[in-house]
Amino acid sequence: MLENAGSRLKTWLVAGIGTAAAIAVAGVMGAFGARHEPLPVLAPASQIETGEWLLRPLKAYAAEGENLYGVPLKPGAKALVLEVEMTNRTAKSTKDYFDVLQANQATIDPATKPFIALMRDSTLSPELHPGLPERMAYIWQLPDGAAPPAKLDLTVIRKTYKQRDNLYGLPGWFNPVPIGTLKLPVGSGPDTVDIQP
């Protein structure tokens, strides 16, 4: 009977030590796996592929006014404007571009979505057609009294196409992931010269 109890004790000790070792190894591997590499800095004048979109940043500047590309700003409000050429790479018209660029400025709330306008006719949030490059203006209103930054710091987000999503079994663009950061000098108005490739 004592031999049986000793055997059980040895089994429990071995199982306990094995479990502790497995937890320790998993913890160490998780700690190394959780280390985040910094995002690459993307060239300001390059074309950037984000899955659905092909982007080419044109210029960034600070602006003031009540009606900037049809955007209803408060009187006297200042805004940061990014002009970008966007090409829809999908097979249908879409306006799924609100999360492609995220501002990383201290003066802009990251949860705030920008106003986005088609520059040729000031249409707000239009659908862009496949294969047709369009100049768009991303406009972030600055808080009252905030000075425009010297650089516009953005994170670029890419999505992946899936033939069937897990929830509805329908095709679409999913799994947004940051692919890099973009830092553009902020000019003093719409006459700022475009970034040259």
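Let me begin with a term: a cavity, on a 1 Å grid over the protein atoms alone, is a set of points where a 1.4 Å probe fits but cannot get out. Grid points are joined across faces, edges and corners, and a volume is the space filled by probe spheres set on the points. By that definition, the structure before you holds 1 cavity of 30 Å³ or more.

Two remarks on the source. This is a predicted model, in which local features need pLDDT of at least 70 and side-chain atom pairs count only at pLDDT 80 or more, whereas totals for chains, interfaces and linings use all residues. Residues are numbered from 1 along each chain as its sequence is written, and side-chain values use heavy atoms, with hydrogens and water left out.

I turn to the overall architecture. The protein has 1 helix and 11 strands; helices (H or I, at least four residues) and strands (E, at least two) are DSSP runs, numbered from the N terminus. Along the sequence the order is α-β-β-β-β-β-β-β-β-β-β-β. Of the 197 residues, 36% are buried, where buried means under 20% relative accessible area, exposed means over 50%, and partly exposed lies in between (1.4 Å probe, protein chains only). The exposed surface comes to about 11900 Å², with carbon and sulfur atoms supplying 60% of it; these areas follow the Shrake-Rupley method with a 1.4 Å probe, and for residues only the protein chains shown count as cover. A contact is defined by heavy atoms within 4.5 Å. Among contacts between residues at least 6 apart in sequence, 70% join residues at least 24 apart.

Next, the interior. What I call a nonpolar core is a set of buried Ala, Val, Leu, Ile, Met, Phe, Trp, Tyr and Cys residues joined through side-chain atoms within 4.5 Å. The largest such core has 31 residues, and Leu-55, Leu-82, Met-86, Tyr-97 and Tyr-138 touch the most other members. The elements that contribute two or more residues to this core are strands S2 (53-64), S5 (78-88), S6 (101-103), S7 (115-118), S9 (134-141), S10 (151-162) and S11 (172-187). Apart from this core lies another, of 13 residues, including Leu-68, Leu-73, Ala-77 and Ile-139. Which residues does Leu-82 contact, leaving aside neighbours within four places in sequence? They are Lys-59, Ala-60, Leu-101, Met-136, Ala-137, Tyr-138, Trp-140, Leu-152, Leu-154 and Leu-184.

Now the empty space. Rolling a probe the size of a water molecule over the atoms shows where such space is left. The largest cavity has a volume of about 60 Å³. Its lining consists of Thr-50, Glu-52, Asp-96, Tyr-97, Phe-98, Asp-99, Val-100, Ile-157, Arg-158 and Lys-159, lining residues being those with an atom within 4 Å of a point. By class there are 4 nonpolar, 1 polar and 5 charged residues in that lining; Ala, Val, Leu, Ile, Met, Phe, Trp, Tyr, Cys and Pro count as nonpolar, Asp, Glu, Lys and Arg as charged, and the others, Gly among them, as polar.

A pocket, by contrast, is an open set with protein on both sides within 12 Å along at least five of seven lines. The largest pocket has a volume of about 230 Å³. Glu-52, Thr-90, Ala-91, Lys-92, Thr-94, Asp-96, Tyr-161, Pro-171, Gly-172 and Trp-173 line this pocket, a set that divides into 4 nonpolar, 3 polar and 3 charged.

Some local features follow. Most residues other than glycine have a negative phi. Ser-122, however, has a phi near 60 degrees; this residue sits in the loop between S7 and strand S8 (123-124) and is partly exposed at 30% relative accessibility. Ser-125 likewise has a positive phi, of about 50 degrees, and lies in the loop between S8 and S9, partly exposed with a relative accessible area of 22%.

In strand S8 we find Leu-124, partly exposed at 34% relative accessibility. Leu-124 and Gly-70 are 54 residues apart in sequence, yet 7.1 Å apart in space, C-alpha to C-alpha. Beyond residues up to four places away, Leu-124 touches Tyr-69, Gly-70, Val-71, Pro-72, Ile-116 and Ala-117.
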